[in-house]
Amino acid sequence: MKIFIAQQNYHIGNFELNTQKIIEAIETAKAAGGDLILFSEMTVSGYPARDFVEFEDFIEKCTNAVNIIKEHADTIGVLIGSPVKNKHLKGKDLFNAAYFLYEKEVKAIVHKTLLPTYDVFDEYRYFEPAYEWNIIEFKGKKLAVTICEDIWNLGDNPLYRICPMDELMKFNPDIMLNLSASPFDYTHDEDRKAVIKSNVLKYKIPLFYCNAVGSQTEIVFDGASLVFDKDANLMKAFPLFEEALDCVELNEDGSIIGPILEPASRIPEKELNPATLDPQLNIEQVYRALVSGIKDYFGKMGFTKAILGSSGGIDSAVTLAIACEALGAENVRAILMPSPYSTEHSVNDAVALSKNLNNPYDIIQIDQVYNSFLKTLDPLFNGLPFSLAEENIQSRSRGNILMAIANKFGYVLLNTSNKSELATGYGTLYGDMAGGLGVLGDCYKLQVYELARYINKTSEIIPHNIISKPPSAELRPNQKDSDSLPDYAVLDKLLFQYIEKRQSPANMKEQGFDAALVDRTIKMVNNNEYKRNQFCPIIRISPKAFGVGRRMPIVGKYLS
């Protein structure tokens, strides 16, 4: 049996484009003599469609797309994902389903059993879990079809009370096939291999895994579809962050034709679960995920040009370099906005960066704007000492200038705030927290430095001075981040324990963190939830990002 895997980038609700892509892959597979082609989860609609699935018209368009695709499934079996109506009176109105199409007919519909409702997932809001489990008989083989989470319930502490494959094994299947839309994070490449290996070792049949690729607002899908033989050897690995179509041939005895890419002995046994923050961990993947996030956000929204404030600091430098890679340097405009407290070297560093990247840039002094605000407010401020208010006027002046240029010329403002700043509230609402997309909002400061070093791996793109100088907002004389925040080398590791690992203050103190620092940091995180609640979407690269995957009350008393 010749089985194709179609790793594709879909656009949520773009039924014409998605259907066209699916049909093109089917026709290519047919021309190459394919027997079966496997697509990812929620193929026709894109994933996650969220509340779109509550619209009757949306579901009808999904069904219409399936019927169009069905006409091309004549000599080849096709497995595609789509929401489907629940015909039972009880339960949710929809299933997350996989259609099996062959001979221009719907031969079977498989319903997803395990519906993740954690982190960025909210599937039980919309879907009913499967009532029954059956294999699909096709060309002398028994196919066990599962959908994404259905294979992620093995391990020491299962989240669900059932494993769909346990039910399907009662029918003695020959092959496991999984349609996935499994989001990227910097541990997920290893996690995915460990989970698939665990399934193969348990059920002792080959597993074909097709994952989505591309970005949907904050969620990035990295592809990396896989094929494992019955002995848990990796036989085929699809590229990360790229669309791909390829096939694997299955022998009559269930073995897979071709060399072993990675023997079972070298594949991780358990999911990667770092105990502490490792800023270098899979940094190339993080970089590629951020590029994908920007590229697809702009492409799918119909945007073409970006703008950002370039300060000569590390965050804006890394954001600018990544944006230039994603959109083309000519489409990214940097605005340098020195204030009375900006140092000359910061302006020079920002200019040098744009010259290295060859992107357009402008220098706009904000002294007059800033002084005009101070003059206007003088009757109210009445000689009070310089404070945070005057600092934030500078930041908000810059935000206004950036948005004015964006509105005038059709740019989208990229936000440059990092996760350390967002966690502690070290940012100005409607100032440096403005933007349409947060590029580094899921990267701790230490990871931002590692991204800079990765960008400079072959030549100096980001000037060395930007990387080596102490970070500063430059909103008052001789200001440094360390005036307001603990050293990032300590702060980021502490934040990781609280945000990613959900450790209690007592646990963090037992790990050796200073007790007063723990209490102060956690209070900063919780007291600034109201700021993050107003922030733009953040490209997710970690297992626990701010945004839809972390839902905290704004007015909660706990730990604040």
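**Figure 1. Charges across the whole predicted model.** Lys and Arg count here as positive and Asp and Glu as negative, while His and the chain ends are not counted. On that basis, the protein carries 58 positive and 72 negative charges, and their mean positions are 2 Å apart. Please keep in mind that this is a predicted model.

**Figure 2. The overall fold.** Let's step back to the chain as a whole. There are 16 helices and 19 strands in the protein. Its radius of gyration is 26 Å, close to the 24 Å that the globule rule gives for 560 residues, so the protein is as compact as a globular protein of that length. The C-alpha trace spans about 85 × 55 × 50 Å along the principal axes. Among contacts with a separation of 6 or more, 75% join residues 24 or more positions apart. Of the 560 residues, 58% count as buried.

**Figure 3. The largest nonpolar core.** This core has 80 residues, and Ile-294 and Val-318 touch the most other members. Helix H6 (residues 314-327) gives the most to the core, with 10 residues. Setting aside neighbours within four places in sequence, Val-318 is in contact with Leu-440, Val-448, Leu-451, Ala-452, Ile-455 and Ile-462. Apart from this core lies another, of 43 residues, including Ile-22, Phe-39, Met-42 and Val-53.

Figure 4. Helix H11 (residues 445-455) has 10 of its 11 residues buried, so it is largely enclosed by the rest of the structure. Its buried residues include the charged Lys-445 and Glu-450, and also Leu-446, Gln-447, Val-448 and Tyr-449. Which helices do the buried residues of H11 pack against? They pack against helix H5 (283-301), H6, helix H10 (419-424), helix H12 (464-468) and helix H13 (488-499).

Figure 5. Val-286 is found in helix H5. Is Val-286 buried or exposed? With a relative accessible area of 1%, Val-286 is buried, because buried means under 20%. Leaving aside neighbours within four places in sequence, the contacts of Val-286 are Phe-184, Tyr-186, Leu-281, Cys-443, Leu-451 and Ile-541. One of these, Leu-451, is also a buried residue of H11 and a contact of Val-318. For a sense of distance, Val-286 and Glu-16 are 270 residues apart in sequence and 31 Å apart in space, C-alpha to C-alpha.

Notes. Residues numbered from 1 in each chain as written. Predicted model: local features only at pLDDT ≥ 70, side-chain atom pairs only at ≥ 80, totals over all residues. Heavy atoms only, no water. Helix = DSSP H or I, 4+ residues; strand = E, 2+ residues; numbered from the N terminus. Rg over C-alpha atoms; globule rule 2.2 N^0.38 Å. Buried < 20%, exposed > 50% of the residue type's maximum accessible area, 1.4 Å probe, protein only. Contact = heavy atoms within 4.5 Å. Charge placed at Lys NZ, Arg CZ, Asp CG, Glu CD. Core = buried A, V, L, I, M, F, W, Y, C linked by side-chain atoms within 4.5 Å.
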